[in-house]
Amino acid sequence: MTEMTIKKRRPKNLDLPTIRLPLPGILSILHRVSGAALFLLLPFLLWLLQSSLASSESFAGVRGVVGHPLVKIILLGLIWFYMHHFCAGIRYLLLDMDKGVDLEAARLSSKIVFAVSIALTLIIGAKVLW
Amino acid sequence: MVNRLLVGAHYGLKDWIIQRATAIIMALYTVIFLVVVGAVGPASFEAWRGIFANGFMKFASFLFFVSVFYHAWIGVRDIWMDYIKPAGLRLAMMILTVAVLVGYTGWAVQILWRM
């Protein structure tokens, strides 16, 4: 009974082109996409670590692979995914603790997540890859 | 309140907490790792290897990997539960996910302790 009345009162908007995902929503789906991508790339990352630690020859080999422009771009994307997942994750931990749950604060914190994660990606990318 | 059937004694609280606990471990390790790499500046093989030869970093790195794998299990499981509806396929994907993650754990041990 109560379920029915709640359902009836819900507003419906199925005109999809008029719906724009707000920034916290984009952050959220990127959190999932980045997590899935990092999971899929785990064997590549473990292989990189293994080769870089095994011997000085394989270390030089890894430097060669990482020096390739295409690999650099992939790694830069990977660093961004990691940093986005990291920063967005900290935001979620704060939301769990009831901090910044108001609309304005949540929007502001999602902007901060994008700014900080992109800045960290550029700094780390510049230090490690170039 | 939402009317729903509750089946079994597992409501996901344990996974919810582990997801967050592993997140905190990974976040701390990320900061430590970046500081160590920034301080050592591992341009050479010896310097890079030296980071992981250190007993504390070996322990912390292993803890990090175990956290990554458990955290990945919960996240990937959530993705399968959201998007894969046929129960058989979903179960197969979950088993495959656990299998690769257990394998990665062994691989990580080998990488860290073989040196």
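The legends below describe several close-up views of a predicted model.

In this predicted model, local features need pLDDT of at least 70, side-chain atom pairs count only at pLDDT 80 or more, and totals for chains, interfaces and linings use all residues. Residues are numbered from 1 along each chain as its sequence is written, while chains are lettered from A and ligands numbered from 1 in the order in which they are written.

**View 1. The helices of chain B.** Chain B has four helices and zero strands, where helices (H or I, at least four residues) and strands (E, at least two) are DSSP runs numbered from the N terminus. Its C-alpha atoms fill a box of roughly 60 × 30 × 20 Å along the principal axes. The radius of gyration of chain B, taken over C-alpha atoms, is 18 Å, whereas a compact globule of 115 residues would have one near 13 Å by the rule of 2.2 Å times the number of residues to the power 0.38. Of the 115 residues of chain B, 12% count as buried, a class that requires 20 or more other C-beta atoms within 10 Å of the residue's own, with exposed meaning 12 or fewer, partly exposed lying in between, and C-beta atoms placed from the backbone.

**View 2. The contact between chain A and chain B.** The contact takes 18 residues from chain B and 18 residues from chain A, two residues being in contact if their C-beta atoms, placed from the backbone, lie within 7 Å. On the side of chain B that touches chain A, the elements giving two or more residues are α1 (13-40), α2 (45-53), α3 and α4 (87-114) of chain B. The residues of this side divide into 13 nonpolar, three polar and two charged, with Ala, Val, Leu, Ile, Met, Phe, Trp, Tyr, Cys and Pro counted as nonpolar, Asp, Glu, Lys and Arg as charged, and the others, Gly among them, as polar.

**View 3. Helix α2 of chain A against helix α3 of chain B.** The axes of α2(A) (residues 23-40) and α3(B) (residues 55-83) come within 10 Å and cross at roughly 120°; axes are lines fitted to C-alpha atoms, for helices over the stretch in contact, and angles run from 0 to 180 degrees between N-to-C directions. The contact is made by A:Arg32, A:Gly35, A:Ala36 and A:Phe39 of α2(A) together with B:Ala72, B:Gly75, B:Val76 and B:Ile79 of α3(B). By class, this contact has five nonpolar, two polar and one charged residues.

**View 4. The surroundings of A:Leu120.** A:Leu120 lies in helix α6 (residues 103-128) of chain A, and counts as partly exposed because it has 18 C-beta neighbours inside 10 Å. A:Leu120 and A:His84 are 36 residues apart in sequence and 9.4 Å apart in space, C-alpha to C-alpha.
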